[in-house]
Amino acid sequence: MKQRIFLSPPHMSGNEQTYINEAFETNWIAPLGPNVDAFEKEMCGVTGAGAALATSSGTAAIHLALKLLNIQQGDTVFCSSLTFIASANPVLYEKAEPVFIDSEPDSWNMSPLALQRAFQDAIRERKLPKAVIVVNLYGQSADYDPILEICSHYNVPVIEDAAESLGAHYKHKKSGTLGTFGIFSFNGNKIITSSGGGMLVSNDPERIERAKFLATQARDQAVHYEHSVLGFNYRLSNILAGVGRAQLELLSDRVNARRERFQCYYEALHRFDGIDFMPEADYGLHTRWLTTLTLNPDQTGVSSAEVISALANENIESRPVWKPLHLQPLFKRNKYYPHEEQVSVSDELFLNGLCLPSGSNLTLEQQEIILNTFSKLVKQPV
Ligand SMILES: *Cc1c(COP(=O)(O)O)cnc(C)c1O
C-alpha cells in the first residue's frame with residue numbers, strides 16, 4: 001500500500017520536546033503550570049488579544065464564551081451554517097436554540113444579507129439572539145465590518161470562531177480579536193496543534209478571569225472545597241501547552257507553507273473550466289489552512305465525490321466541504337436564513353466543494369501525485 005497522504009496532519013517543529021522535558025524535569029506534569037501561563041501570554045502576543053485562557057479544546061472555549069454571555073435554556077443564538085458541528089454544539093449544551101445563517105459567495109463566510117434578514121425577523125418576533133457565532137472558514141476571516149455593524153446596531157455580542165483561522169488577518173487586525181470573544185483550536189488537524197486544546201481570548205481581562213474560574217470547577221475562595229455555581233473541568237495540561245508553545249513559534253512559517261501549497265494547486269488547476277478555488281477576499285490574509293475548491297461537473301466531467309473516491313484509491317485523504325449545519329439531522333428543527341430568499345450558497349458549496357491535502361509538511365512529490373490523479377479525471381481546457 002502506498003504511504004497515506006493526509007488532509008492536514010500534525011507538523012512538529014522539533015522544539016516541542018524541549019518544553020515537554022522542562023515540564024518533566026520540574027515535575028510540572030499537572031495541574032496547569034508555567035507552560036500554560038506562557039502559552040496564554042504568547043497567544044496574546046501573537047494575536048494582540050488583551051487576555052487569553054488555555055482550554056482543553058476549542059469546543060470548551062466556545063462553551064465558556066456562551067456561559068459568560070449568560071446563554072440559557074430557550075435563548076436563541078445565531079451561528080454560521082457552513083462549519084464543523086463544534087461551532088454549534090455548545091449552544092445545545094445550554095439547551096438554547098441555534099438559528100443558522102448562510103454564507104456569501106465572496107468569502108464563503110457568514111452572509112451579512114442573511115444575518116440582516118434573521119435580525120429583522122427576530123425583531124418582529126420580539127426575541128433577539130443572545131449572541132452571534134461567526135465562523136472564519138478554512139483560514140479566512142469573515143467580513144466583520146458589515147457583520148459587526150449589524151450586531152452592534154442590535155447590541156448583540158459576537159463570538160468569533162477562529163478555530164480554523166489562526167494567523168489570518170482582517171484589515172490589519174488579527175483573526176480571533178474582532179468579536180467580544182474569540183476562540184482558537186489546537187486540535188491535531190489545525191494549522192498548529194498542541195495534540196488537543198483550545199484558547200478563549202477577549203480584550204477584557206475580567207471576563208477571562210471569570211472564564212478561568214468556571215473552567216476550574218468554579219471553586220470559591222476557601223481552604224476547603226466550596227462551590228456556589230456550576231463549573232467545568234476545561235483547562236489545558238502543562239504538557240500539552242508545551243507542545244502548543246513550540247508550535248506557535250513557527251506560526252508564520254506554517255501560514256507561508258500552507259499558502260505555498262495552495263499556490264501550487266492553483267497554478268496547476270485554475271485554467272480548467274469549472275474549477276473555482278475558494279476566493280481570497282481583499283480585506284485580509286487567508287492562511288489557506290485547507291485548499292478548497294468547487295467543481296462544476298457539467299464543465300469538468302467529474303463530480304467532487306468522484307474525485308474524492310479516485311484520490312482515496314491512491315490512499316490520499318480529501319474531503320467534501322463541511323456539510324452545512326442546517327442540513328444536519330441534529331438540527332432539522334432549527335431555522336435557517338439563506339443568502340438570498342431562493343439561493344442557499346452553503347448548499348451549493350457542500351454539493352460541489354472539495355478540500356485537498358494541505359499540510360504544511362506536504363511534499364512537492366506528494367502534491368504531484370495528487371495533481372496527477374486529479375488532472376486525469378478532469379476535461380482539458382479548450
Ligand atoms: C476544529 C474546530 C472547532 C473545535 O475545536 P476542538 O479543539 O476540536 O474542540 C470549532 N470550530 C471550528 C470551525 C473548527 O474547525
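Predicted model: local features only at pLDDT ≥ 70, side-chain atom pairs only at ≥ 80, totals over all residues.
Student: How much space lies in the largest pocket, and which residues are closest to its centre?
Tutor: The space in the largest pocket comes to about 260 Å³. Its lining consists of 14 residues, which by class are 10 nonpolar, two polar and two charged. Of these lining residues, the closest to the centre of the largest pocket are Leu7, Asn189, Glu317, Arg319 and Trp322.

Student: Which element gives the most to the lining of the second largest pocket?
Tutor: Two elements, α3 (58–68) and β8 (181–185), each supply at least two residues of this lining. The lining as a whole has six nonpolar, 10 polar and three charged residues. With three residues, the element that gives the most is α3.

Student: How do the residues of the shell around the ligand divide by class?
Tutor: There are 15 residues around the ligand, and those that come nearest are Gly58, Thr59, Glu164, Ser185 and Lys190. Taken over the whole shell, the residues divide into four nonpolar, eight polar and three charged.

Student: What distances separate oxygen atoms of the ligand from N or O atoms in the side chains of glutamate 164, serine 185 and lysine 190?
Tutor: A polar contact is a pair of N or O atoms within 3.5 Å, so each of the three pairs can be held against that cut-off. For the side chain of glutamate 164 the distance to a ligand oxygen is 2.6 Å, and for the side chain of serine 185 it is 2.7 Å. For the side chain of lysine 190, the corresponding distance is 3.3 Å.

Student: What percentage of the area that the ligand exposes when taken alone does the protein bury?
Tutor: The reference is the ligand taken alone, which exposes 380 Å². Of that area, the share buried by the protein is 94%.

Student: What volume does the largest cavity have?
Tutor: The count of cavities of 30 Å³ or more comes to one. The lining of the largest cavity has six nonpolar, four polar and one charged residues, including Ser80, Asp102, Trp108 and Leu137. The volume of this largest cavity is about 50 Å³.

Methods: Residues numbered from 1 in each chain as written. Heavy atoms only, no water. 1 Å grid on protein atoms, 1.4 Å probe; cavity = no way out; pocket = protein on both sides within 12 Å on 5 of 7 lines; lining within 4 Å. Points joined across faces, edges and corners; volume = space filled by probe spheres on them. Nonpolar A, V, L, I, M, F, W, Y, C, P; charged D, E, K, R; others polar. Helix = DSSP H or I, 4+ residues; strand = E, 2+ residues; numbered from the N terminus. Near = heavy atom within 4 Å. Polar contact = N/O pair within 3.5 Å; in protein donor to acceptor, adjacent residues only side chain to side chain. Areas by Shrake-Rupley, 256 points an atom, 1.4 Å probe, with all protein chains shown as cover.
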